[in-house]
Amino acid sequence: MPQVTLSALITGLRTGTALASFPTDTVPALAARPDRAPAVYATKQRDFQKPLILMGAQPADLWPYVDDRAGDLGQWQVIAQDYWPGALTIVLPAQSDRLPPMNDILGPTRSIGLRVPACEVAKAILAQTGPLLTTSVNRSGQPPLRTIADINREFPELLTLSPDEVAAMGDSEVGSGEPSTVVRWGPTGWEVLRQGAIQFLG
């Protein structure tokens, strides 16, 4: 599929008629509406047991997707204020009625990874689409693709922006190339699941 305008990419995501790729501060995202998650797995040829990340334009957009019956939201918000926008994914108990009824999305722990990227293009898109399920752009087991040209060649069905349009919005199409750091909230506090682009100090 040819590169499209920002408005066309947003429309494709909002209506659920297409999957899209856009830059983030780490690696480019493969993104879809939450109810289109099966299409993301099929596109990547990804194991359904490997979770996706819910990305939003701001923390307030993501809190409705978490389950705060234990009253821990205040502690989560402190971490979000310290690290977002940025390359930290926080894994929290999920409010499953806001997400597709698929065990592969939430996994056996019924949790969801959340992130607000430090990328103007990504935030501009997410502000208009609402939170999107995201992952890196690659076939499962292969390195993430980093350039729009590579993404267009390997995944011609994805909506993408032109490099010039990305640059005009003040961002790079490639990001840092490092995955986000992933931390999970549990009974004893925060646990680092993956050390990535930033050092988590909790």
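Visitor: Which residue stands opposite Ser111 in S5?

Guide: Pro93 stands opposite Ser111. This is a predicted model, in which local features need pLDDT of at least 70 and side-chain atom pairs pLDDT 80 or more, while totals for chains, interfaces and linings use all residues. Residues are numbered from 1 along each chain as its sequence is written, and side-chain values use heavy atoms, without hydrogens and water.

Visitor: How should I read the pairing of S4 and S5, parallel or antiparallel?

Guide: Strands of a sheet pair through backbone hydrogen bonds, in either sense. Here S4 and S5 are antiparallel, with four bridges between them. Two strands count as paired if DSSP finds at least two bridges; strands are DSSP runs of E with at least two residues, helices are runs of H or I with at least four, and both are numbered from the N terminus.

Visitor: How many bridges join S3 to S5?

Guide: Three bridges join strand S3 (residues 53–55) to strand S5 (residues 111–115), and these two run parallel. Within S5, Met55 has Arg115 as its bridge partner, and Ile53 stands opposite Gly113.

Visitor: What is the order of strands in the sheet?

Guide: The sheet is open and has eight strands in the order S1-S2-S6-S3-S5-S4-S7-S8, with mixed pairing. Its edge strands, each pairing on one side only, are S1 (20–22) and S8 (189–194). Neighbouring strands are turned against each other by 35° on average, direction ignored.

Visitor: Which residues of S5 lie on each side?

Guide: In a regular strand the side chains alternate between the two faces of the sheet. In S5, Ser111, Gly113 and Arg115 are on one side, Ile112 and Leu114 on the other, and all are buried. Buried means under 20% relative accessible area, exposed over 50%, and partly exposed in between (1.4 Å probe, protein chains only). Five of the five residues of S5 are buried, so the strand is largely enclosed by the rest of the structure.

Visitor: Which strands does helix H4 lie across?

Guide: Helix H4 (residues 73–83) lies across S4 (88–93), S7 (181–186) and S8, and runs at about 170° to S4. Axes are lines fitted to C-alpha atoms, for helices over the stretch in contact, and angles between N-to-C directions run from 0 to 180 degrees.

Visitor: At what angle do H1 and H6 cross?

Guide: Two packed helices are described by the angle and the distance between their axes. The axes of H1 (residues 6–15) and H6 (residues 120–129) come within 10 Å and cross at roughly 45°. The two helices are therefore oblique to each other: under 35 degrees would be roughly parallel, over 145 roughly antiparallel, 65 to 115 roughly perpendicular, and the rest is oblique. Leu6, Leu9, Ile10, Leu13 and Arg14 of H1 meet Ala124, Ile125, Gln128 and Thr129 of H6, where contact means heavy atoms within 4.5 Å.

Visitor: How many salt bridges are there?

Guide: The count comes to seven, a salt bridge being a side-chain nitrogen of Lys or Arg within 4 Å of a carboxyl oxygen of Asp or Glu. One of them joins Arg69 and Asp67 at 2.6 Å, N to O. Arg69 is exposed at 77% relative accessibility, whereas Asp67 is buried at 12%.

Visitor: Which residue forms a salt bridge with Arg184?

Guide: Glu191 does, with the closest N and O atoms 2.9 Å apart. Glu191 is partly exposed at 39%, and Arg184 is partly exposed at 29%. Elsewhere, salt bridges link Asp150, Arg153 and Glu154 in a network.
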